[in-house]
Amino acid sequence: MKIAVISDSHDHVEHVDRAVELINLRGAGILVHCGDICSPFMIERLARFAGQVHIVFGNNDGDRVAIMKFAAAHPNVTVHGEMGEIETDEGMIAFTHRPEFGGGLAATGRYLAVFSGHTHRRLAEGSGPSMHVIPAELKGLFEDAGFALFATV
């Protein structure tokens, strides 16, 4: 299964729309957003993904109640709070916004992979049963906008 991972989109509508389009074309089954969508209206754009969307809150997500309300209107969108987990056939995946938490979760060895965001800088560390990945930021503030595709097999 392919899992698409994005983070730190910060209301950048064009980048989110383009990323969702590309991710759909590449056949990902799950989309994970590691926080900082920022505004509730971004949920509608993420909900255009063909599969399940999983979101955690970041430090710039303003009205969390409204974000959860908007998400409730889209059956393919789940907001997990500060940390989320997904069970795949190959193992558990975890995701959070803060990399210090992501690194700690990866260190437990419980997860196939752990994804986080916040730094706006790409990172892939570890291998085997527990890697920690920060995808490219989607906003494109410090690095080129991008996302990660993670294959569980």
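**A walk through the chain**

Modeller: Let's begin with one residue in this predicted model: alanine 136 has a relative accessible area of 3%, so it is buried.

Biologist: Which residues is alanine 136 in contact with, leaving aside its neighbours within four places in sequence?
Modeller: Contact here means heavy atoms within 4.5 Å. Leaving aside neighbours within four places in sequence, the partners of alanine 136 are Ser7, Arg122, Asp144, Gly146 and Phe147.

Biologist: How many Å apart in space are alanine 136 and aspartate 8, C-alpha to C-alpha?
Modeller: In sequence, 128 residues separate alanine 136 and aspartate 8. In space, C-alpha to C-alpha, the two are apart by 8.6 Å.

Biologist: Is aspartate 8 buried or exposed?
Modeller: Aspartate 8 sits in the loop between strand S1 (2–6) and helix H1 (13–25). Buried means under 20% relative accessible area. Aspartate 8 has 1% relative accessibility, so it counts as buried.

Biologist: What is the phi of aspartate 8?
Modeller: Most residues other than glycine have a negative phi. Aspartate 8 is not a glycine, yet its phi is positive, at about 50 degrees.

Biologist: Where is histidine 120 found, and what is its phi?
Modeller: Histidine 120 is found in the loop between S7 and strand S8 (123–125). With 9% relative accessibility, histidine 120 counts as buried. It is not a glycine, but its phi is positive, at about 65 degrees.

Biologist: Let's step back to the whole fold. What pattern does the protein chain follow along the sequence?
Modeller: The secondary structure comes to four helices and ten strands. Read along the sequence, they give the pattern β-α-β-α-β-α-β-β-β-α-β-β-β-β.

Biologist: Why is the protein chain described as compact as a globular protein of that length?
Modeller: For 153 residues the globule rule gives 15 Å, and the chain's radius of gyration is close to that, so it is as compact as a globular protein of that length. The radius of gyration itself is 14 Å.

Biologist: What percentage of the residues count as buried?
Modeller: The protein chain has 153 residues. Of these, the share that count as buried is 50%.

Biologist: What share of the contacts with a separation of 6 or more comes from residues 24 or more positions apart?
Modeller: Here we look at contacts in the protein chain with a separation of 6 or more. Residues 24 or more positions apart account for a share of 55%.

Biologist: How many Å apart are the centres of the positive and negative side chains?
Modeller: The protein chain has 12 positive and 19 negative side chains. The centres of the two sets lie apart by 3 Å.

Biologist: Which kind of aromatic pair do phenylalanine 115 and phenylalanine 150 form?
Modeller: The structure holds one aromatic pair. Its ring centres, those of phenylalanine 115 and phenylalanine 150, are 5.4 Å apart. Planes over 60 degrees apart count as edge-to-face. Here the planes are at 75 degrees, so the pair is edge-to-face.

Biologist: Which strands does that pair link?
Modeller: Phenylalanine 115 and phenylalanine 150 are both buried. The two are 35 residues apart, and the pair links distant parts of the chain. Those parts are strand S7 (residues 113–115) and strand S10 (residues 148–151).

Biologist: Is alanine 151 buried or partly exposed?
Modeller: Alanine 151 lies in strand S10. Leaving aside neighbours within four places in sequence, alanine 151 is in contact with Met1 and Lys2. Its relative accessible area is 45%, so alanine 151 is partly exposed.

Biologist: How far apart are the C-alpha atoms of aspartate 11 and histidine 132?
Modeller: Aspartate 11 has its place in the loop between S1 and H1, and at 26% relative accessibility aspartate 11 counts as partly exposed. Along the chain, aspartate 11 and histidine 132 are 121 residues apart. Their C-alpha atoms are separated by 25 Å.

Conventions: Residues are numbered from 1 along each chain as its sequence is written. This is a predicted model: local features need pLDDT of at least 70, side-chain atom pairs count only at pLDDT 80 or more; totals for chains, interfaces and linings use all residues. Side-chain values use heavy atoms; hydrogens and water are left out. The radius of gyration is taken over C-alpha atoms; the globule rule is 2.2 Å times the number of residues to the power 0.38. Buried means under 20% relative accessible area, exposed over 50%, partly exposed in between (1.4 Å probe, protein chains only). Lys and Arg count as positive and Asp and Glu as negative; His and the chain ends are not counted. The place of a charge is taken as NZ of Lys, CZ of Arg, CG of Asp or CD of Glu. Rings of Phe, Tyr and Trp (its six-membered ring) pair if their centres lie within 6.5 Å; planes under 30 degrees apart count as stacked, over 60 as edge-to-face and the rest as tilted.
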